[in-house]
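This report describes a surface patch and a group of aromatic rings. Please consult the sequence and the 3D structure while reading.

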Amino acid sequence: MWRPRSLRVATWPRLTRRGATLVIVGVLLLAVSLWFDSRDVLVLAFVGIAMPAVAALFVALRKPSLAVTRRFSPPVVAAGGSTLVAIVIKNRSRRTFDGAHWRDGVPTTLTAAPEAVLPAMGPYESMLPSGDDTVHVEYRLRTPRRGVYPIGPLRVSIADPFGLARVDRDVGTAHEVVVTPRVTPLDAALGSAASVDGVLNGLQLRTHPNSDELIAREYRYGDPLRRVNWAATARRGELMVREEEQRGDPEARIILDTTLAGRARQAGHRREADDGPHFGFELGVEVAASIGMHLLERGYRVRCDRLDDSERGLAVGESGAGYRMPGGDRLLLEDLARLDGPSGAAGARSRSSAGAHTAGSRGRDARMPGFAVLVDPDEHDARSLVALRSSIEPAVAFATEGVAGSIVELLEKADWRVVRVRRAAEFASAWSGTARPQPAAPRSTAARRAPAVPGASDAP
């Protein structure tokens, strides 16, 4: 569908190099004609000065009537990739439009195509959907960083027939391209628990503890003993397990540090200027995206929360619904792409502030796996995570380089497992390392009883 026509002057009419040279020659001829009192030279001087002025007036009055549509292929691209931008330009005027150049309006952080010649377009054809009045241009847009970027409007440079003056006009409107964070593939063996157990199903079994299991199957090697159906085992004379628990709705929680509350204390450790992208923050977003995608692919319902900069507490998603398949992977990546910088503003699905009270009330009934992605928290943020520990099992915190040692020590004393991540390339091995047992250290009984990450099920 054609976009409404929108034509704006981007720059005032200006002379080209040819036009400026002609003006300089005209001024010199004017000086010579006055010095030697030569009327013939005065006429040439007048022509040299007047022609660029007339050309500037010509391009100022020339207003093309164009309609622009823009399509991205793919419309959502990962950081470090590229997308093909296809632009369809249609001439809505009854006159031929030619002699122009075009370039697309692109933010400075992206890499776009240079200025190019716009093919000539014939008069508007109302009876045909496309014809001589329509041209197709395209270019490859590189997307090095995560975010949502406005692409457009189309800038058309119009020159006079002699090439003495030109003017830039913006045509059409801008379109958004979504650049999602990079996703690191993680070990599939660490996320298989979604088909084995579930938080919501566990709550239902607690609600009806005396209910009989209606479906049971033979025991298979690798099934956890907690799923053994003893009533069916006694009836059949062989070991049986509960089959319907596969219909559970396992849930996991990701907590992303968006406040960088400790950045005033750790200002010397910043790698970029205050107005530039923060290396640790972007790394934290990539880690959160990788964990979320991994859990969603394994059947988990994922709640992606943030440390709220305004409330100084834990902010949970709208209605606590979180993300689930199908479609949850796309929504999660798009919300993380729209996540603002380290100012504390979060994506569209993490704006309500329910605080730790909601998670604490849920934790009294069942505990879900929890992953904290820390960039530069302060002591208040760390104590909020400590208070949340009772509702999370297992509790793993991935800390970037900017996390202070005192914060790590405080979390480890509260039975959080802290794993350092300095680069995105190290995250896959760091995730795999969470499945290995901790070095000998005093830990709580619940921590020793639970698997290190979702998917580490109990063997018989």
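## Surface patch and aromatic rings

V27, L30, L34, L42 and I49 form a nonpolar surface patch of about 400 Å². Patch residues have over 30% relative accessible area and no salt bridge, and nonpolar side chains (Val, Leu, Ile, Met, Phe, Trp, Tyr) are joined within 5 Å. A salt bridge is a side-chain nitrogen of Lys or Arg within 4 Å of a carboxyl oxygen of Asp or Glu. Accessible areas follow the Shrake-Rupley method with a 1.4 Å probe. The model is predicted, with local features requiring pLDDT of at least 70 and side-chain atom pairs pLDDT 80 or more, while totals for chains, interfaces and linings use all residues. Residues are numbered from 1 along each chain, and side-chain values use heavy atoms, without hydrogens and water.

Helix α1 (17-36) and helix α2 (39-61) each supply at least two patch residues; helices are DSSP runs of H or I with at least four residues, and strands are runs of E with at least two. V27 belongs to α1.

The structure also contains five aromatic pairs, in which ring centres lie within 6.5 Å; planes under 30 degrees apart count as stacked, over 60 as edge-to-face and the rest as tilted. Two of the pairs are tabulated.

| Pair | Centre distance | Plane angle | Type |
|---|---|---|---|
| F371 and W431 | 5.3 Å | 35° | tilted |
| F427 and W431 | 6.4 Å | 55° | tilted |

F371 lies in strand β18 and W431 in helix α10, so their pair ties together parts 60 residues apart in sequence. W431 is buried (under 20% relative accessible area), at 0%.

Notes:
Patch = residues over 30% accessible without salt bridge, like charges linked within 9 Å, V, L, I, M, F, W, Y side chains within 5 Å. Phe/Tyr/Trp six-rings, centres within 6.5 Å; stacked < 30°, edge-to-face > 60°. Buried < 20%, exposed > 50% of the residue type's maximum accessible area, 1.4 Å probe, protein only.
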